Amino acid sequence: MCRGRRTAGRIRALPTVVPAGFDEINDQIDALPDPDLLCAEERAAAMRHTAQLRNRIEAYLTGLQVPPIPPGIPGSWAQAPPGPWSRSPPDPR
């Protein structure tokens with residue numbers, strides 16, 4: 001069995017207690033109008049708002065995947081020494 005399938009199997013085996021709010025979001029998505037029934041202006045507005053929501057969801061997903069490392073923990077960015085990337089590039093003049 002490949003590593004990806006093992007990982008996916010472990011993820012499916014995790015408890016499925018969903019935090020409050022997700023069922024309501026799912027219901028609201030189901031209640032959105034059918035795109036085939038929207039005029040051009042409504043489609044444009046729906047695309048803009050959906051893109052904004054997608055950005056917020058992706059930001060939330062990022063927060064779920066990368067837990068913050070508190071300052072003072074060895075190996076955290078908070079203790080990283082400044083390197084060449086922290087200085088401005090030399091002036092070419």
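Keep in mind that the model is predicted.

Start with the nonpolar patch. V18, F22, I25, I29, L32, I57, Y60, L61 and L64 make it up on the surface. Together they have about 870 Å² of accessible area. Where do these residues come from? Helix 3 gives the most, with four residues.

Take L61 as one example. L61 sits in helix 3. Its relative accessible area is 40%. That is over the 30% needed for a patch, and L61 counts as partly exposed.

Now the rings. There is one aromatic pair in the structure. Which residues form it? F22 and Y60 do. Their centres are 6.3 Å apart, with 50 degrees between the planes. The pair is tilted, because an angle over 60 would be needed for edge-to-face and one under 30 for stacked.

Why does this pair matter for the fold's layout? F22 lies in helix 2 and Y60 in helix 3, so the pair ties together parts that are 38 residues apart in sequence. F22 is partly exposed, at 34% relative accessibility. Y60 is partly exposed too, at 45%.

Last, the charges. On the surface, D23, E24, D27 and D30 gather in a patch of negative charge. Look at D23, in helix 2. Is D23 buried or exposed? D23 counts as exposed, because its relative accessibility is 58% and the cut-off is over 50%.

Definitions and conventions
Residues numbered from 1 in each chain as written. Predicted model: local features only at pLDDT ≥ 70, side-chain atom pairs only at ≥ 80, totals over all residues. Heavy atoms only, no water. Patch = residues over 30% accessible without salt bridge, like charges linked within 9 Å, V, L, I, M, F, W, Y side chains within 5 Å. Areas by Shrake-Rupley, 256 points an atom, 1.4 Å probe, with all protein chains shown as cover. Salt bridge = Lys/Arg side-chain N within 4 Å of Asp/Glu carboxyl O. Helix = DSSP H or I, 4+ residues; strand = E, 2+ residues; numbered from the N terminus. Buried < 20%, exposed > 50% of the residue type's maximum accessible area, 1.4 Å probe, protein only. Lys, Arg positive; Asp, Glu negative; His and termini not counted. Charge placed at Lys NZ, Arg CZ, Asp CG, Glu CD. Phe/Tyr/Trp six-rings, centres within 6.5 Å; stacked < 30°, edge-to-face > 60°.
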